[in-house]
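Student: I would like to learn how to read the overall form of a chain and then its contact with a partner. Where do we start?

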Amino acid sequence: MWREEAARALLLLLPTLVFIIAFTSPGGDYAFRAGPLAEVAVGQLPYYVYVSNKTLHLYSSPYAPWPYPKALEVKLFYPTTILISSTCGAVAASSVGGAPGSYPVDVVVLPGFQGDCWVNFTHPSGWRDAVLLRVKPVDWYPGATERAVVTLNGSGWQFVQVGQDGTLYIWERPMAQIPVAGCVFVYNKSVLLAETQRYREVAPNIKPPAVAPSSSGSVRYGAFIKLDRSSQLYIYKADCPTTPRLNLSEPPPLRAEIGVILPTPTGPVFDAPVVNNTVIFTTGLRTINYTEAAARIYRLYVYTYNTPVGLWGAVLRYNFALTTLLTVKISLFRPGGELQRVGDVWIYRVGNVTYWIYGPQPYRLCEPPCGAPAGWQEPLYMVVDPTGQWRGWPKVIAVRREVLQPWRS
Amino acid sequence: MSGTFVMADWRYDPGTGLDVTRVCVAGVYGNVADITNGLRACNRYNIPVENRIADVLLLQNITGAHYIRYVAVKILEPPGAADSKATVRDGAAVDAATDYVILRRGQYAILGVGVVVDAYAPYYKTPVAYQINIEMVPQ
């Protein structure tokens, strides 16, 4: 009798066992292994994220989403899929998985987010895990670890450039060295439209270097700011934000008296330059006309550029041959009008247009005659203002480097 | 050689590093003036040099180069050059260079100037300025 019962019980138990295993072990082949379904761990994080247990202290930026690529990592031990959700939209992926292995999870903190945010990892089997993101807003461009803070004092529109070597240029004129070179300019709580333009040396080993816009060479990043007294400009080392293409017109021609009077056996001649070649460069913000011109005793390297703010600029660089010729007039640049010296700049006023020039004296009459210039002359940096609003180059008051530090509460 | 008909001053041009000697020659309008002792070019080197007028260039046409009908700059001492004279006629150099003369150490060349001034030249005005390059080459 008991044999019969035992046999019946076994017949019932064996299929039940199989069903129980099938339902509770979605891992199939791995059904008889012990251990958890998956593990959630902290992945690769920049140094400015403070981590305690499974809480991440992150930053959010007002300017753009702050990406933390591969911030979390899911280690999956079974061939299944883990569902991911976040209470603040910080994770783009809705699930990871497939084969066993480890899967990085990118976290992106949306602009301006503040407070706590959970990232939940769930599985239909009931397994779950979660990571807490504590987010603090900070006035910082996302992704950058350091920034340069430049305090400028001046007024009106200024064209600021940063070279890869950290030189700060304002209207192409080198003004200071800054500790961080990058493409992201933040001024007055907004990210500025920026341009990228390459410059190369037209001749090696000239001091100061004779540079001109080029399609190859070292990169300068540029942006326009409208200064009002003392203001701070932040420069971050980060990728350039995409710039919409502006409608740009051709850069204006230089209409001026350019040259020196030279003696010849038959009489004095005005040694004016003849254009050799011209190249036009278009950046996100400007159109640049680079021209090389030659005369009897000098070569002139000049580029003019227009801007979207109503002003335009130019840089002139002369290379004079070594001669012993005397001259009575040296006109490096004279658009007309009287030359005035105001502070460290030269000013011409022609009608409503003001020419601001920084560099050697642009116009000189020699009485008694003086020698014609020889060798490379210092560059002439020029800003031409038809608006009557510009008040000269700003002053660089202070330059500071700041590094983003982790936070914890 | 400063005097009534010739005056000279000298200055250093810091912009270019040139030593510029300015020689003013007074002519007589409507007439010929010959100045036989206009300028001395001395050899201050320790070796003999070859000396010549290398260039005559019209530098400045101030009140009319054509009033000076004729200018000649001649190396009077030492003698011996086949072409010792640079000449300008009506404001254009017709012979802009001379041949070399050799100056021993410490010796100097004496340059003379001859001018013919137009009868209608303005009185007490400087009509023209020439740049004259004097070349000294170590022998």
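This is a predicted model: local features need pLDDT of at least 70, side-chain atom pairs count only at pLDDT 80 or more; totals for chains, interfaces and linings use all residues.

Student: Which domains does the assignment give for chain A?

Tutor: Domain bounds come from an automatic or database assignment. For chain A there is domain 1, covering 29-137, and domain 2, covering 146-399. Their centres, taken over C-alpha atoms, are separated by 51 Å.

Student: How many helices and strands does chain A have?

Tutor: Chain A has 31 strands and one helix. Among its contacts with a separation of 6 or more, 66% join residues 24 or more positions apart.

Student: What percentage of the residues of chain A count as buried?

Tutor: A residue is buried if 20 or more other C-beta atoms lie within 10 Å of its own. Of the 409 residues of chain A, 37% count as buried.

Student: How many residues of chain A are in contact with chain B?

Tutor: 17 residues of chain A are in contact with 20 residues of chain B. On the chain A side, strands S24 (326-334) and S28 (363-371) each supply at least two residues. The largest share, four residues, comes from S28(A).

Student: Which residue classes make up the side of chain A that touches chain B?

Tutor: That side of chain A has twelve nonpolar, five polar and no charged residues.

Note on methods
Residues are numbered from 1 along each chain as its sequence is written. Chains are lettered from A and ligands numbered from 1 in the order in which they are written. Two residues are in contact if their C-beta atoms, placed from the backbone, lie within 7 Å. Ala, Val, Leu, Ile, Met, Phe, Trp, Tyr, Cys and Pro count as nonpolar, Asp, Glu, Lys and Arg as charged, and the others, Gly among them, as polar. A residue is buried if 20 or more other C-beta atoms lie within 10 Å of its own, exposed if 12 or fewer, and partly exposed in between; C-beta atoms are placed from the backbone.
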